[in-house]
Protein chains: 2
Amino acid sequence: MNSADDTTGREVSATRATYLALRQMILTGALPAGQKLKIEQLRKMLDTGASPVREALSLLTSDMLVERIDQRGFRAAPASLANFQEILNLRCALEDMALRQSISQATQEWEEHLVLAHHRMKRVTDTETFEDAHKDFHMALLSNAASPILERYCSQLYDLNIRYRYLAASDASYQKRDISAEHEDILEAALQRDADASSTALLSHYRLTGGYLTTRLGSL
Amino acid sequence: MNSADDTTGREVSATRATYLALRQMILTGALPAGQKLKIEQLRKMLDTGASPVREALSLLTSDMLVERIDQRGFRAAPASLANFQEILNLRCALEDMALRQSISQATQEWEEHLVLAHHRMKRVTDTETFEDAHKDFHMALLSNAASPILERYCSQLYDLNIRYRYLAASDASYQKRDISAEHEDILEAALQRDADASSTALLSHYRLTGGYLTTRLGSL
DNA sequence: AAGTCAACAAATATCGATTTTTTTTGGAGG
DNA sequence: CCTCCAAAAAAAATCGATATTTGTTGACTT
């Protein structure tokens with residue numbers, strides 16, 4: 001499903017392939033939140049062995065997408081309104097921190113990286129790749145903070161948030177146009193090295209869609 | 001090596017036992033930072049199978065104590081001065097956030113929990129259990145934030161920090177008395193529900209030992 | 001002397017089968 | 001009708017062996 005899977009290209013391990021597949025299934029809701037994840041069932045579904053499945057699930061634990069209970073297996077991380085709001089709040093706090101650090105250490109190289117990521121996001125047409133490009137842009141904003149752990153946390157929270165977008169069943173295509181102006185604002189302020197303006201734009205960007213999702217999550 | 005391993009007590013899975021053992025070895029430096037972790041070697045060392053070792057290592061990835069490189073195994077997470085300082089900064093930021101939330105929602109129940117944790121920490125004599133009690137106290141301070149993810153991050157960062165304490169080879173016994181007054185200050189301010197004072201005391205608590213460790217980490 | 005490449009060695013990753021543990025089921029007794 | 005318990009079924013955990021991949025060594029070419 002991804003790039004680099006032609007016959008000549010280097011093979012990926014079964015574990016990694018399984019990891020990516022399961023991750024995608026959990027993010028998109030193909031494996032619903034809270035569901036028991038039985039090894040045998042997944043093994044058949046993905047046509048692989050039990051070991052790769054087990055190891056992939058263990059790795060997904062890092063992303064907080066899977067919970068492991070000793071001696072009684074794995075389950076997809078549960079979802080709730082409270083969980084969503086916690087994620088939203090933490091994202092705002094951590095990304096604000098990371099963005100400000102990024103801007104305070106701004107370099108020409110970083111700015112060019114940023115402009116590029118933005119350009120790529122704009123030019124994408126299909127929903128599938130837009131998700132990736134969108135994340136790339138947002139992570140690019142934080143990539144100059146020189147704080148790998150903070151970036152890791154932000155990336156995790158980003159993914160956890162995606163999950164709720166799918167849960168709310170909002171098709172991203174309509175949002176794409178709606179929010180492009182917001183992206184411009186964030187980018188411009190960052191390039192001006194105006195941390196306050198950039199952060200304000202970023203947080204309102206999150207809180208807007210956050211509020212929208214909150215209203216659509218009564219079913220939890 | 002732990003409690004509850006008598007014949008009648010409930011058994012823990014080999015994976016969990018291995019996880020705990022490896023975790024301890026990495027935290028204390030028995031497995032040095034950056035070192036290659038060979039399955040076979042660990043399997044023999046812990047007298048268990050390859051599967052539990054492999055799974056334990058995968059789980060340790062969540063804690064950022066082990067790195068996994070596809071198709072070429074695991075290694076203990078590397079350590080560096082930059083890494084230490086990032087951890088220190090993040091801890092200060094995140095624990096400040098969590099502590100303020102805890103205090104803002106203070107309840108009698110939480111206060112009692114806090115007092116108890118503090119008491120238990122004070123009464124402990126041996127270094128071994130002091131580490132646990134010390135962490136319990138610090139986590140208790142944050143436990144009322146009602147933010148499981150934030151707590152998880154703080155717990156992770158706490159452990160990563162422990163690692164550097166061992167690296168700096170400072171014996172904790174001498175610190176114990178040195179810092180007990182600081183603990184009192186944090187506790188008192190929290191019980192007074194004075195967020196600013198409590199946070200200030202907490203952060204200076206961290207920054208003091210942080211600065212001490214920084215000077216002792218020239219060897220990185 | 002540096003670079004290439006085959007053969008070997010070592011380590012990782014994976015499979016298939018077995019052992020434990022948990023969960024379910026179907027009474028027997030209260 | 002509910003509770004408790006044992007047997008059966010299901011699932012997880014683990015083992016031992018095998019297959020793949022990576023890393024290394026040293027002869028051979030240029």
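Predicted model: local features only at pLDDT ≥ 70, side-chain atom pairs only at ≥ 80, totals over all residues.

Student: How should I read the contact between the two chains?

Tutor: The size of an interface is often given as the accessible area lost when the parts come together. Here I shall describe the contact by its residues: chain A gives 19 residues and chain B gives 19 residues. On the side of chain A that touches chain B, two or more residues come from each of α3, α4 (81–104) and α7 (148–167) of chain A. By class, that side of chain A has eight nonpolar, six polar and five charged residues.

Student: Why can one say that the copies meet through the same surface?

Tutor: Of the interface residues of chain A, 100% are also interface residues in chain B, so the copies meet through the same surface.

Student: Let us turn to the DNA. How many residues surround DNA strand C, and which are the closest?

Tutor: DNA strand C is surrounded by 19 residues, and the closest are A:Ser13, A:Ala14, A:Thr15, A:Gly49 and B:Gly73. At least two residues of this surface come from each of α1 (14–28) and α3 (50–60) of chain A and α2 (39–46) of chain B. The largest share, three residues, is that of α3(A). In terms of class, the surface near DNA strand C comprises five nonpolar, eight polar and six charged residues.

Student: And which residues are the closest to DNA strand D?

Tutor: The closest are A:Gly73, B:Ser13, B:Ala14, B:Thr15 and B:Gly49, among 20 residues that surround DNA strand D. Each of α2 (39–46) and α3 of chain A, and α1 (14–28) and α3 (50–60) of chain B, supplies at least two residues of this surface. Here α3(B) gives the largest share, three residues. The classes are five nonpolar, eight polar and seven charged residues.

Student: What does the secondary structure of chain A come to?

Tutor: Chain A has nine helices and three strands. From the N terminus on, its elements run α-β-α-α-β-β-α-α-α-α-α-α.

Student: How do I read a sheet, taking chain B as the case?

Tutor: Strands of a sheet pair through backbone hydrogen bonds, either parallel or antiparallel. In chain B, three strands form an open sheet in the order β1-β3-β2, with antiparallel pairing. Its edge strands, β1 (36–37) and β2 (66–68) of chain B, each pair on one side only. Between β2(B) and β3 (residues 74–76) of chain B there are three bridges. For B:Val66, the bridge partner in β3(B) is B:Ala76.

Student: What of the overall dimensions of chain A?

Tutor: For 220 residues, a compact globule would have a radius of gyration near 17 Å, and the 18 Å of chain A agrees with this. Along the principal axes, the C-alpha atoms of chain A fill a box of roughly 55 × 50 × 30 Å.

Definitions and conventions: Residues numbered from 1 in each chain as written. Chains lettered and ligands numbered in written order. Near = placed C-beta within 6 Å. Helix = DSSP H or I, 4+ residues; strand = E, 2+ residues; numbered from the N terminus. Nonpolar A, V, L, I, M, F, W, Y, C, P; charged D, E, K, R; others polar. Contact = placed C-beta atoms within 7 Å. Pairing = 2+ DSSP bridges. Rg over C-alpha atoms; globule rule 2.2 N^0.38 Å.
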